[in-house]
Amino acid sequence: MALGRDGLIQIILIGNSIVMLAPIIIMVMSAFKTNAQIFQSPFSLPDFTKVGNLVRVWTETDFIRYLMNSFIVTGSSIALILVLGTMAAYALARYEFRGANLILLFFLAGLTLPLKLAVIPLFIQMRDLGLLDTRFALIFIYVATGLPTTVFILTGFIRSLPNELEDAARMDGASEARIMWAIMLPLVRPAMVIAAIQNIVPIWNDFFFPLIFIQSNDLKTLPQGLTTFMGEFGTDWGVLFSGLTLSALPVIILYIALSRQFVNGMTAGAIK
Amino acid sequence: MLSSKLTGRNLWIAALVVPPIAFMSLFLVYPILSAFAYAFYEWRGLVRGDFIWFDNFYRVLFEFPFSERTINAFSHNIFVFFALMVLQNGVGFLLAYCLWRELWGARFHRVAVFLPVVLSTVIVGLLWKLFLHPLFGAVNVSLRAMGLGFLAQPWLGQDSTALMAIIVANAWHMVGFPTLVFLAGMQRIPSEILDAVRMETESEWVKMSKIVWPLVAPSATVVFTLLFVGAFNWFELPYVMGGIDGSPHGATDVLGLYFYRTAFGSMSASAENFGPGSALAVLIFLIIAIVSSVITIRLRKREIQL
């Protein structure tokens with residue numbers, strides 16, 4: 001009886017993992033096939049030495065440019081989020097001052113605001129600031145949306161750090177800035193990693209804000225560039241699957257290497 | 001001496017908190033507050049005109065052709081929410097329960113179920129669009145290979161199946177999220193409680209319905225609320241798979257697409273229309289805010305404090 005139930009559970013889990021992984025495996029295999037092979041036998045193993053499609057994506061399309069843009073936008077956003085988030089969290093967690101609770105509440109309120117729906121005022125604002133069709137438009141938006149969770153995570157973490165080191169350094173006459181930089185921040189690194197991962201995935205994958213704010217092909221990020229690219233190579237499925245594979249692979253590899261951190265980071269808001 | 005030290009300290013604190021607050025105010029809080037104001041003005045292109053009270057709201061809710069499209073899109077959002085409730089949250093709960101038993105290989109299955117979640121919606125949409133291609137897509141090719149060719153359909157090309165096809169793609173993409181949130185909820189149930197139940201009853205159903213389900217209520221509250229927010233913000237997947245007009249014939253149109261089309265124009269209507277667009281944004285925001293607070297409050301009531 002018990003064995004039968006566990007057997008059923010195994011069947012469900014194995015079936016589900018096949019459903020989850022098969023589309024990704026077919027995608028990767030199709031990247032090495034010709035149109036005819038994809039249409040006739042989508043499930044057969046390809047000749048993995050035939051990298052013609054991948055080379056074409058690399059050389060004949062703007063794929064590298066899109067990839068670089070995504071790196072620049074995501075990298076700068078994460079760096080700014082961590083710098084600004086750590087500044088606010090450090091002040092809120094280590095100093096007592098009037099208005100501290102109000103400021104924390106201000107950041108927490110940002111957790112629930114759906115910025116997508118404010119895209120019309122954002123558009124006008126970016127136009128007035130001369131930021132339409134620049135990377136700054138995206139970076140500033142991502143920083144604003146990423147700050148609330150980051151401040152939330154880091155404040156909790158920095159509060160839990162012990163006082164002794166800080167007090168000792170203060171007795172020795174170290175400046176506040178030096179205490180923060182040399183003594184406290186090295187201890188905050190683990191929480192920064194969680195905050196970074198939590199922000200990387202939605203920023204790297206975002207499609208909505210580039211769609212609104214970026215027009216030049218030179219500035220398009222990867223998800224946005226992919227839609228352009230699908231239009232251009234609409235009939236060459238081998239190239240299409242190669243493009244999708246190359247875009248998905250960096251995230252998939254990172255996820256497999258750091259799956260625990262990914263899961264913790266991405267469900268952090270939902271699990272109390 | 002003391003006072004100068006104090007002001008120095010205050011300056012230091014200000015230097016730390018002012019830049020982040022400025023960023024949040026300028027690019028998050030201020031645009032959202034403006035969004036409410038904008039909906040009450042007339043707009044000519046990108047230029048703000050007169051204050052016109054509720055005219056924009058009246059237009060999108062009651063004036064042809066806006067009203068018809070609003071209702072069509074709204075009904076699709078409702079359908080998406082309930083369909084995903086079953087396909088995403090329901091299946092997620094079942095999978096969480098299976099993973100919770102920690103049978104051999106559970107770790108692998110846990111990594112597998114969350115893998116699509118980390119992919120970009122654009123990749124997922126484009127991938128499934130290729131799979132669902134009527135002639136060459138892997139779905140119809142395999143149906144024909146299995147001798148089920150009569151089931152092969154133009155999934156995204158006909159009104160009756162297009163929305164459902166996109167919903168299934170969404171469920172494939174996101175099912176790992178409720179699964180792992182529910183799993184975390186189950187893992188927090190103290191083992192003493194489970195041991196006590198095991199002494200009382202053999203029935204798995206009683207254990208599920210009377211113990212596990214009530215005790216994972218906090219996870220359910222979060223997952224249901226997030227699904228509702230997601231269903232009414234639904235934009236990227238229908239945009240990629242069904243196109244900006246919600247083709248075919250508006251069968252995949254949802255409020256997010258309709259809002260985008262109204263505000264920023266589309267192939268068929270190229271001009272920006274910020275007035276009705278802002279009104280739609282405010283309406284979507286109100287629906288999300290009101291319903292998700294009702295869901296949260298009602299579900300909180302059945303949560304049990306351990």
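Which residues of α7(B) are buried?

**View 1. Helix α7 of chain B and its buried residues in the predicted model.** Helix α7 of chain B runs over residues 159–174, and its 16 residues reach 24 Å from the first C-alpha to the last, close to the 22 Å expected at 1.5 Å a residue. Along α7(B), the buried residues are B:A162, B:L163, B:A165, B:I166, B:I167, B:A169, B:N170, B:H173 and B:M174. These buried residues pack against four helices of chain B, namely α3 (66–100), α5 (121–131), α8 (176–187) and α12 (236–242).

**View 2. The contact between chain B and chain A.** Chain B brings 64 residues to this contact, while chain A brings 73 residues. On the side of chain B that touches chain A, helix α1 (residues 2–38) of chain B gives the most, with 17 residues. Sorted by class, that side of chain B holds 54 nonpolar, 7 polar and 3 charged residues.

**View 3. The largest nonpolar core.** This core has 167 residues, and those with the most contacts inside it come from both chains: A:A88 and A:I141, together with B:I123, B:L127, B:L280, B:A281 and B:I284. Once its neighbours within four places in sequence are left aside, B:A281 is in contact with A:L117 and A:I120 of chain A, and with B:A35 and B:F259 of chain B.

**View 4. Confidence along chain A.** The mean pLDDT of chain A is 90, and 99% of its residues reach 70 or more. Within chain A, confidence is lowest in helix α13 (residues 259–267), at a mean of 85, whereas it is highest in helix α4 (residues 63–94), at 95.

Notes: Residues are numbered from 1 along each chain as its sequence is written. Chains are lettered from A and ligands numbered from 1 in the order in which they are written. This is a predicted model: local features need pLDDT of at least 70, side-chain atom pairs count only at pLDDT 80 or more; totals for chains, interfaces and linings use all residues. Helices (H or I, at least four residues) and strands (E, at least two) are DSSP runs, numbered from the N terminus. The expected span of a helix is 1.5 Å times one less than its number of residues. A residue is buried if 20 or more other C-beta atoms lie within 10 Å of its own, exposed if 12 or fewer, and partly exposed in between; C-beta atoms are placed from the backbone. Two residues are in contact if their C-beta atoms, placed from the backbone, lie within 7 Å. Ala, Val, Leu, Ile, Met, Phe, Trp, Tyr, Cys and Pro count as nonpolar, Asp, Glu, Lys and Arg as charged, and the others, Gly among them, as polar. pLDDT is the predictor's confidence in each residue, from 0 to 100. A nonpolar core is a set of buried Ala, Val, Leu, Ile, Met, Phe, Trp, Tyr and Cys residues joined through C-beta atoms within 7 Å.
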